[in-house]
Amino acid sequence: MAAADELAFHEFEEATNLLAQTPNEATTRSDPLTPQGHVAVAVDSGGSYGAEDEVEESDKTAVVDRIKGSLLPRPGHNFVLHHLRNRPDLYGPFWICATLAFVLAVTGNLTLVLAQRRDPSIHYSPQFHKVTVAGIAIYCYAWLVPLALWGVLRWRKGVRERMGPYTFLETVCVYGYSLFVFIPTVVLWLIPVPWLQWLFGTLALALSAAGLVFTLWPVVREDTRLAAAMLLSMVVLLHALLALGCKFYFFQPLPPEPVAPPHHAASQPPVVLLSPTLPGSTAA
């Protein structure tokens, strides 16, 4: 009878009353620290939603901080160590590449519109294929070049054991954020002044390439001087080729403004040509 009585269902009055007062609470298993005959109740106060909001806010803050770090490179300030902190993301690089491709295509079409306003003989038609070309070029550069660089650094690590290359995601993240400076530069290229366009492009290339060099230097400095110099030179050269390709393909030079011929004053007296007279004609 005692065994049958133990197997019978017992109603815990404390848990029933507590759940009746707070229906959103959830019961949990009792641990050894919980006295027998009592049920531990966990109260969910909605703190998980606040934690998710805090995580999302911290992610947005991290992206903004990384964009600022890519715009202000300086020696001794490693982008991976000071901004990524072993938390590389693909959100920022993906949208930076997408925005840059879209802005390149739009501003490239606006350049043709400005050219038609200067020279009516130019026929303008929307060039939607530039969106595809820009997207393929930017995304291939932002993924294939970091992949090749990561492979080279891994290979050099086998030659020089003290080298510690970044991970593939960190390399992609560094290249993605380094392209952000070209977004405002492309917009400024709409100014129809050639020397201003080249000035803005040179400054953007210098900032972006400097960020890459300062970030890669702690890794390649353990290698030989020749290998380090060749690797960093190739990184800067590929970056310059991307900038020049965007400049010459999407921004065709505008035709010069037609210069009106000088207007002659109507009051200018006509030029009269006098025929020479012979000496004997005066005597006659």
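How many helices and strands are there in the protein chain? There are 11 helices and 2 strands, where helices (H or I, at least four residues) and strands (E, at least two) are DSSP runs numbered from the N terminus. Before going on: this is a predicted model, where local features need pLDDT of at least 70, side-chain atom pairs count only at pLDDT 80 or more, and totals for chains, interfaces and linings use all residues. Residues are numbered from 1 along each chain as its sequence is written, and side-chain values use heavy atoms, with hydrogens and water left out.

From the N terminus, the order goes α-α-β-β-α-α-α-α-α-α-α-α-α. Of the 284 residues, 30% are buried, meaning under 20% relative accessible area, while exposed is over 50% and partly exposed is in between (1.4 Å probe, protein chains only).

Okay, let's look inside, at H239 in helix α10, residues 225-250. H239 counts as buried because its relative accessible area is 0%. Its side chain makes a polar contact of 2.5 Å with that of Y141; that term is a pair of N or O atoms within 3.5 Å, where within protein one must be able to donate a hydrogen and the other to accept it, and residues adjacent in sequence count only if both atoms are side-chain atoms. Leaving out residues up to four places away in sequence, H239 also touches others, including S178, F182 and L212, with contact meaning heavy atoms within 4.5 Å.

And now over to helix α6, which is where L144 sits. L144 counts as exposed because its relative accessibility is 52%.
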